[in-house]
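This report goes through a protein structure one part at a time. Please keep the sequence and the model in view while reading.

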Amino acid sequence: MTYLSTENLSKNYGHKVLFEDLTFGIAEGDKTALIAENGTGKSTLLHILAGNETPDKGKVMIQNDVSIGFLEQDPQLDHSLTIRDYIAQSNNDMVRLIQEYERAAEAQANDYNEETQQAFQKAASKMDAANAWDYEQRMEQILGKLNIHDLDQSIATLSGGQRKRVALAFVLLDDPDMLILDEPTNHLDVEMIEWLEDYLKSTNKTLLMVTHDRYFLDRVCDHIIELENGKLYHHQGNYQYFLQKRAERREIERKRAHKANQLYKQELEWMRRSPKARTSKSKSRIDDFKELEDELDTGPDGPELRLQMDMQRMGGKILELLNVSKSYDEEQILDSFYYDFEKGERIGIIGENGVGKSTFLKILTGEESFDSGKRRVGETIVFGHYRQEGLDFDEDQRVIDVIEEVRKVVELADGSKISASQFLKHFMFTSEMQYTPVKNLSGGEKRRLSLMMVLLENPNFLVLDEPTNDLDLLTLNKLEEFLMGFEGCLIIASHDRFFMDKLVDHYLIFEGEGKVHDHHGTYEEYRKQKKQREAEERAKKKTKSSTSQNRKNSSGNYEERLSYNERREYNKLEDKIAELEEKKEELEAEISSGNLDHEELREKSDEYSALKAKIEECTERWFELAERA
């Protein structure tokens with residue numbers, strides 16, 4: 001079944017054609033990734049598909065009764081609300097159902113009659129069908145996975161990353177038939193990304209998403225749609241397959257363009273001899289020349305990120321941290337940390353959100369003080385620090401003016417010089433974009449401009465804090481090419497595992513409480529080692545627990561037994577679970593009876609949720625004891 005389809009979809013932005021006559025479909029169960037360069041309209045396309053924006057031409061068709069959940073790249077939330085209020089006041093289907101139930105309950109309490117009773121029973125049936133009684137509990141669980149714990153926190157106090165995670169949790173809670181996600185992994189740490197991977201892989205929901213995380217894309221999606229020059233190309237397979245097919249297509253287009261150029265030169269010479277369209281043959285040739293001239297293309301490949309910046313040669317001493325300690329209040333960031341950086345080191349920084357990665361990077365560059373220890377910096381070291389939040393620009397200033405204020409001529413490593421305009425072209429800012437006000441740039445384009453400003457400092461010690469956020473996959477490939485040729489020290493903090501594995505030689509793993517682990521190998525190898533260590537620790541604890549309860553039987557062999565108190569608990573649990581189940585049935589009958597007022601219903605619903613949780617807890621404990629008994 002096709003959940004969503006488009007017919008001749010077109011959209012312009014000013015005089016720029018974003019896409020034209022797009023016709024495609026998303027079938028039930030599809031897990032599709034949309035790939036396109038920044039500024040080509042991919043986010044606009046998602047907004048149109050989600051019904052938030054109108055196309056200039058064409059239409060979007062959605063199968064009857066199919067619900068769609070949409071996560072924007074930069075969600076706009078009402079700052080006057082708390083997280084709990086935001087969820088309660090939204091258009092979420094589950095929330096609307098709960099609100100409908102509460103209104104029906106209140107109407108019945110105020111005026112009990114056949115009509116209000118039927119409305120209440122209908123609303124209660126919908127709650128049963130949607131499994132909505134424990135909605136708040138599920139909400140807290142998903143928010144907890146995304147490190148949002150205080151539902152009464154004001155949205156105004158949340159960071160941009162926290163707002164994105166609240167919006168993501170809310171979309172998942174809505175439980176729609178189809179998810180449209182714009183950069184869902186932005187502002188998630190690695191643990192959260194892996195949880196989201198597992199969640200999306202295990203569900204049968206239809207999915208269309210834009211993401212720059214290639215591991216995430218490969219593990220979740222089985223279909224890639226590429227938007228280039230306003231056209232769509234379909235690829236069944238993973239990201240590497242997409243790159244291969246895209247390269248093959250571009251090579252064919254390059255050869256076709258070369259052949260067309262050769263033909264154009266020949267025909268241009270003929271045209272210059274001023275042929276007269278006296279015969280049908282010469283007239284036809286003139287018409288063909290005009291068509292060739294209109295269609296002539298130099299090929300899809302734009303400028304590449306292939307330049308080496310001039311940087312100061314590094315001396316023998318780079319940077320040394322001697323027993324550095326740093327804490328905020330009671331949170332330990334570093335505990336007697338020692339490291340002596342060497343020439344050309346390429347290090348990845350990994351850890352959960354809030355463990356102090358950004359603080360560590362600022363300590364490296366000297367922007368942040370520390371509590372104890374020493375920091376020794378070589379005389380030749382020039383730091384370049386790209387911050388997670390990017391730079392603040394004069395929004396009305398043109399892109400070319402932003403660069404020329406710093407440097408009108410850029411010197412390269414080979415001694416050659418290029419203009420600010422040529423420098424911008426290397427970073428995929430076309431001539432038209434260079435004279436565009438900064439306010440008209442996309443989020444990814446602004447981040448690219450911020451990175452350029454850092455590089456203009458000609459650093460030989462480059463520190464990048466989440467450089468991949470808001471960058472499209474094609475830009476990321478070009479950025480990787482540039483960084484692979486960077487000859488200074490490179491320190492990267494990123495949640496993009498693919499990006500890190502490609503560029504760094506080893507990782508500093510921030511594990512919390514001031515512990516930093518140096519891992520030589522890929523991120524995937526680290527994750528396997530970590531899971532193995534965790535499994536071994538669980539096995540040790542289980543063995544220790546089992547050994548303490550082992551007793552010799554009559555044959556002299558060991559057998560596992562429950563302690564006296566555990567045996568008593570085990571014998572009572574079955575009866576306790578049965579009592580709780582009976583109480584649960586009574587509560588269900590009370591809730592559906594129609595005899596409770598609004599406040600009583602709320603209390604009973606809370607009691608019902610707590611009772612369900614208690615039953616699950618007791619049942620899990622019974623299984624644990626039963627296995628050992």
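## Gln89, between two helices

In this predicted model, Gln89 sits in the loop that runs between helix 2 (83-88) and helix 3 (93-110). Is Gln89 buried or exposed? Its relative accessible area is 58%; Gln89 therefore counts as exposed, since the cut-off for that class is over 50%.

Setting aside residues up to four places away in sequence, Gln89 touches Leu81 and Gln99. Gln99 is ten residues from Gln89 in sequence, and the two C-alpha atoms are 9.4 Å apart in space.

## Helix 3 against helix 4

Two packed helices are described by the angle between their axes and by the distance between those axes. For helix 3 and helix 4 (residues 114-130), the axes come within 8 Å and cross at roughly 150°. The angle is over 145 degrees, so helix 3 is roughly antiparallel to helix 4. The crossing of helix 3 past helix 4 is left-handed.

On the side of helix 3, the contact is made by Met94, Leu97, Ile98, Glu100, Tyr101, Ala104, Ala105, Ala107 and Gln108. Helix 4 contributes Thr116, Gln117, Ala119, Phe120, Ala123, Ala124, Lys126, Met127 and Ala130. By type, the residues of this contact are 13 nonpolar, three polar and two charged.

## The nonpolar cores

The largest nonpolar core holds 114 residues. Which residues have the most contacts inside it? They are Ile83, Tyr101, Tyr135, Ile403, Phe429, Leu449 and Leu483. Tyr101 also takes part in the contact of helix 3 with helix 4. Helix 6 (residues 160-174) supplies the largest share of this core, with eight residues.

## Lys42 in helix 1

Lys42 belongs to helix 1, which covers residues 42-49. The relative accessibility of Lys42 is 8%. Because this is under 20%, Lys42 counts as buried.

Leaving out residues up to four places away in sequence, Lys42 touches Leu34, Ala36, Glu37, Val210, Leu227 and Asp472.

## Asp335 in strand 12

Asp335 is part of strand 12 (residues 331-341). With a relative accessible area of 45%, Asp335 is partly exposed.

Beyond its neighbours within four places in sequence, Asp335 is in contact with Val324, Ser325 and Gly514. Between the C-alpha atoms of Asp335 and Ser372 there are 9.3 Å in space, while 37 residues separate the pair in sequence.

## Lys576 in helix 19

Helix 19 (residues 564-593) contains Lys576. This lysine is partly exposed, at a relative accessible area of 37%.

Which residues does Lys576 touch, not counting those up to four places away in sequence? They are Lys614 and Cys618. Thr619 is 43 residues from Lys576 in sequence, and their C-alpha atoms are 9.7 Å apart in space.

## The protein as a whole

The protein contains 20 helices and 23 strands. Of its 629 residues, 46% count as buried. Among contacts with a separation of 6 or more, 67% join residues 24 or more positions apart.

Key. Residues numbered from 1 in each chain as written. Predicted model: local features only at pLDDT ≥ 70, side-chain atom pairs only at ≥ 80, totals over all residues. Heavy atoms only, no water. Core = buried A, V, L, I, M, F, W, Y, C linked by side-chain atoms within 4.5 Å. Buried < 20%, exposed > 50% of the residue type's maximum accessible area, 1.4 Å probe, protein only. Helix = DSSP H or I, 4+ residues; strand = E, 2+ residues; numbered from the N terminus. Contact = heavy atoms within 4.5 Å. Axes fitted to C-alpha atoms, helices over the stretch in contact; angles between N-to-C directions. Parallel < 35°, antiparallel > 145°, perpendicular 65-115°, else oblique. Left-handed = near helix turned anticlockwise from the far one by under 90°. Nonpolar A, V, L, I, M, F, W, Y, C, P; charged D, E, K, R; others polar.
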